[in-house]
Amino acid sequence: MSVVAADVSKWAVRNVSFELPPGSVTAMVGANGSGKSTLLNVLAGHLPPSSGHASIAGRVAYVPQHKPMYRSFKVADVLQFGRRMNEVWDERRADEWLTRFKVPRRLQVEDLSGGQRTHVTLALALGSRPDVLLLDEPLAELDPLARHKVMRELLTEVNDNGMTLVFSTHVVAEIGGVADRLLLLSNGRLLVDGDTDELLEQHVLYTGPHASKSPVEGPVVLAKHGRSQSSYLVRSGGVRVDEPWTARYVTLEELVVAHLERAA
Amino acid sequence: MVEFHVDRGSGYPPYLQIGQQVREALRLGWLQPGDRLPTVRDVVATSGVNANTVLKAYRELELAGLVEARQGSGTFVKASLGSAAPEDLDPLREGLAKWVAEARSAGLEDEDIYALVREVLSGGAQ
């Protein structure tokens, strides 16, 4: 069963196809211009796909990267706007989010810091009780402590309300244990689509003497050769290797960088 | 109550990190048979990991026969790990702490210490 299904082409995004189950947390990763925002806009229904389809079961909330809000609105006005514009509205949920992150209700949007604007848009999005929440770079304007806290609170919302979360990010080092699904985009194509734990268990880096061939079976993601050494990142599923080769698992960040280097 | 710490940047899958921490708590006697593991919601709220990650960790521990899920009341420790009694562990811990302090003052880093411990455990370099 899936709650998000897409098979989309739009501008640079070509034939990107995936399905996400309800209650899943998906990190969309890719360089600038790789098509993340276009894809999120199509999923949110803000842009029609040029071909293919995108469908989401239930209510969707989408927070774009530039966080559009009326600059002259006070924070309290933004909440009232949310109450009037949404058929389903949970004032308490929105209000609690603002209280939790200590956002003053009387300030105008234009006087808020980037981090506070993030909190207001998240409060607005959560207040609409979405089944699927789409966030474009939600953590970009937050300090490291706030990033951790926001993620923790979002995951609690996912757990308590069965919400499905899709977010784009540059900071791959922060998605371990947070996202159970990784979508890696490059130049509008989907390079990797997989369960983050399984990806970590599949990819192994083998290092040994200079060799023109991988020491193990399996698809080679990236091979590097120095003067006397070679290393192969292989989707081997954890196959062991004989001396003098050594094997180790890689981090999500190394895995992402290797796939991007290979595609470049 | 045990609290889990997940290293997000690690190449070791987060659900296995949680499993390892439970096993360590069992070995050190911090968790005993009958103790309840933190609820999934508590772990999500305190450690900031995905609920699916916690469920997966608990399921793996259940398959290993270490814990059991009781419908509606949580996940409980079923078996203990390690054979040492807590009163035997204490003097050993003290001795080890003294040794680690010595190693550090000799300039060893954590990785050097692990390598040395592994080497001695495997009976190498005799």
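# Two chains in contact

Student: How many residues of chain B are in contact with chain A?

Tutor: 19 residues of chain B are in contact with 22 residues of chain A. Two residues are in contact if their C-beta atoms, placed from the backbone, lie within 7 Å.

Student: Which elements give two or more residues to chain B's side?

Tutor: On the side of chain B that touches chain A, they are helix H1 (14-27), H2 and helix H3 (51-63) of chain B. H2(B) gives the most, with four residues. Helices (H or I, at least four residues) and strands (E, at least two) are DSSP runs, numbered from the N terminus.

Student: And what classes of residue are on that side of chain B?

Tutor: The side of chain B that touches chain A has ten nonpolar, seven polar and two charged residues. Ala, Val, Leu, Ile, Met, Phe, Trp, Tyr, Cys and Pro count as nonpolar; Asp, Glu, Lys and Arg count as charged; the others, Gly among them, count as polar.

Student: What kind of model is this?

Tutor: This is a predicted model: local features need pLDDT of at least 70, side-chain atom pairs count only at pLDDT 80 or more, and totals for chains, interfaces and linings use all residues. Residues are numbered from 1 along each chain as its sequence is written, while chains are lettered from A and ligands numbered from 1 in the order in which they are written.

Student: Back to H2(B). At what angle does it pack with H5 of chain A?

Tutor: Helix H5 (residues 144-161) of chain A and helix H2 (residues 40-47) of chain B pack at about 160°, with axes 7 Å apart. That makes H5(A) roughly antiparallel to H2(B). Angles under 35 degrees count as roughly parallel, over 145 as roughly antiparallel, 65 to 115 as roughly perpendicular and the rest as oblique. Axes are lines fitted to C-alpha atoms, for helices over the stretch in contact, and angles run from 0 to 180 degrees between N-to-C directions.

Student: Which residues of H5(A) and H2(B) meet?

Tutor: Arg152(A), Leu155(A), Thr156(A) and Asn159(A) meet Val40(B), Arg41(B), Val44(B) and Ala45(B).

Student: How do H2(B) and H3(B) pack?

Tutor: Their angle is about 130°, and their axes are 9 Å apart. H2(B) and H3(B) are therefore oblique to each other. In H2(B), Val40(B), Val43(B) and Val44(B) meet Ala51(B), Val54(B) and Leu55(B) in H3(B). That contact has six nonpolar, no polar and no charged residues.

Student: How many helices and strands are in chain B?

Tutor: Five helices and two strands. From the N terminus on, they run α-α-α-β-β-α-α.

Student: What domains is chain B divided into?

Tutor: Domain 1 (14-77) and domain 2 (86-121). Their centres are 28 Å apart, taken over C-alpha atoms. Domain bounds come from an automatic or database domain assignment.

Student: What does UniProt place at residues 12-80 of chain B?

Tutor: The UniProt record, an unreviewed entry, places "domain: HTH gntR-type" there. In this model, residues 12-80 of chain B are 51% helix and 12% strand. UniProt positions are given in the numbering used here, feature names are shortened, and annotations may be inferred rather than shown by experiment.

Student: Now chain A. What does UniProt say about residues 3-212?

Tutor: An unreviewed UniProt entry gives "domain: ABC transporter" for that span of chain A. Residues 3-212 of chain A are 33% helix and 30% strand, and the end C-alpha atoms are 45 Å apart.

Student: And what does the domain assignment of chain A give?

Tutor: Domain 1 (4-195) and domain 2 (198-263). 13 residues of domain 1 of chain A are in contact with eight residues of domain 2 of chain A. E9(A) gives the largest share of domain 1's side, four residues.

Student: Where is the cis peptide bond in chain A?

Tutor: A cis peptide bond joins Glu243(A) and Pro244(A), with omega about 5°. Pro244(A) is in the loop between strand E12 (229-235) and strand E13 (246-249) of chain A.

Student: What is phi of Trp11(A)?

Tutor: Near 50°, a positive value in a residue other than glycine. Trp11(A) is in the loop between strand E1 (4-10) and strand E2 (13-20) of chain A. Most residues other than glycine have a negative phi, and most peptide bonds are trans.
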